Amino acid sequence: MKAFRLLGWAGLVALLWLARGLLLPVFLAAAFAYLLSPAVAWADTLAIRRSVTVGVLFTLIVTVLVVAGFLLGPGLLAEGAALMDRLPGLARQIDQGLDAVVRELAESAPAVRRLLPEGGGWVQRFVLDRAPAEPADLFEHVGHLFLLVILIPFFAFFLLRDMHRLMAVAMDRLPPQHVETSVALWREINGVIGRYIRGLVMDGLVVGALAALGLWAARVPYPLLLGAFAGLANVVPFVGPLLSAAAAGLVVVLTPGQGLAGVGRVVVLFLAIKVLDDTVIQPFTIGRSVHLHPALLLGSVVVGNHALGVLGMIVAVPAATVLQESVRLLLEHRRALARRDLRHHPQRLVV
Amino acid sequence: MFEHPLPGWLSWATDPEQVRRAPFLSRSPLFAGLPRRLLGRLATRFFEKFYHAGDVIFEEGDPGRALFVVVEGSVEITRATAKGPVVLNTLGPGDAFGELALIDDFPRSATARQGTEGRLLILYKSDFDALMEGSARIAVVVMHNLARQLTIYARRTPVFPGAGPEPGAPL
């Protein structure tokens, strides 16, 4: 019997290893499901079937996306196409500037030259390396994207519809003495992750909209594209806001007629957005879900980056919060059980 | 009779599980007086679990984190004494126990054991706190019901040192 159980676990691990390619779509689907879960919970209070609620929600989302696509799509596509046309020229300009700096550095301090990679045109090479060269590569990229677009709503639908059933099965299999602590753990974890994801998306939307409006007012080119990038990059703690400001600054530097005043405007704009985000927006969006010491927050982001790259940086903060809450609850449970044992066996107190 | 939450022509969209839960809660003295809308909101926060006869639901001294409502079967509330465990109360469908966990963080004052096999609804304290933050009506009604139960218990319990919970006392 034990051998069969071991074999079953080994089979499950092997299956998970084979299906590791699905990790990203499942992760994104879970995030999407958390985003929609308040609406599903509201419909639950009216005793509406989950399948009906989720079906109606998905229809609404598709409608909103189609309308948003009609309203914002042409502008975003035009900005994207214009940027793609200018990209090789922009990369050449940046490389010329970089080459000049490197030449100056090499003349004043020859030792520094050895530290830098050989050859020039780094940005051009970076841009060209990432562009799909062959039609086959292009099809592969589009195929991956298409698979994500199909798989994310597919998994999210079933997660939203069946998660409570899976929980009911898991609850029935739990030993009775662990039920209260398990329910407490699940509720805390679920609450932290849900609030964090919803807060993060809300925060990204507000920051993205503010950045787009500010850049448009400052007459910086591609405000929609840069605003969308600022909103997306905002999900990466610490590094994201810096990257979006750098991207906007770079566009200003390479746009004739903007000059240093334009760079100054962008710096002031992104600083103002960051201050507003830290003091006003985040306390309303993700502030209530994260209770980590700033040092632990920074440490978790660094560890997340080392372990999983950008994805690790995004999941680091909720993962650290969940770990902290779990340890707190389990220690509390252990202390309470120790107190109970002492009451039942007072002789254990004798030293 | 418990009112149906959706109009008749939408009965195909009704979740039978949620419809089944709310009447149990409306029957419980702890949630008596809550309107259907709030009972529906409360019902979604409960977990349901099957217990075999003899399963210990919680032991005296355990940390209390949840409230339980009996859906099926019976639950015995016992307390350890020098002469062995004494049955304080036997609960049936609609009865709630462990309600003091919703108020304080003290350990359980008695042991709850499943008498005959059945199902229990479990409400975690944080969920209840969140519900009370979102609806003052739930907080007022439940706290009023709980205070009434404690008053009944206090009136019939003589106060002397070392007294344990009396039959029917909140846990």
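Let's start with contacts inside chain A of this predicted model.

Now, the inside. In soluble globular proteins, nonpolar side chains tend to be buried together. Here the largest nonpolar core holds 44 residues, and those touching the most other members are A:Ala156, A:Val207, A:Ala211, A:Val220, A:Leu226, A:Ala248 and A:Val266. Several helices of chain A supply at least two residues each, including H2 (23-45), H6 (135-173) and H12 (310-344). Which helix gives the most to this core? That is H7(A), with 10 residues. Both domain 1 and domain 2 of chain A contribute at least three residues.

For a close-up, have a look at A:Ala248. Leaving out residues up to four places away in sequence, A:Ala248 touches A:Leu215, A:Val220, A:Leu226, A:Val266 and A:Phe270. There is also a second, separate core of 40 residues, and B:Phe24, B:Leu25, B:Phe97 and B:Ala101 are among its members.

That brings us to where the two chains meet. The contact takes 26 residues from chain A and 30 from chain B. On the chain B side, helices and strands both take part: among them are helix H1 (16-27), strand E8 (118-124) and helix H3 (125-134), each with at least two residues. E1(B) supplies the largest share, 5 residues. By type, that side of chain B divides into 15 nonpolar, 9 charged and 6 polar residues.

Technical notes:
Residues numbered from 1 in each chain as written. Chains lettered and ligands numbered in written order. Predicted model: local features only at pLDDT ≥ 70, side-chain atom pairs only at ≥ 80, totals over all residues. Contact = placed C-beta atoms within 7 Å. Helix = DSSP H or I, 4+ residues; strand = E, 2+ residues; numbered from the N terminus. Nonpolar A, V, L, I, M, F, W, Y, C, P; charged D, E, K, R; others polar. Core = buried A, V, L, I, M, F, W, Y, C linked by C-beta atoms within 7 Å. Buried ≥ 20, exposed ≤ 12 C-beta atoms within 10 Å, placed from the backbone. Domains from an automatic or database assignment.
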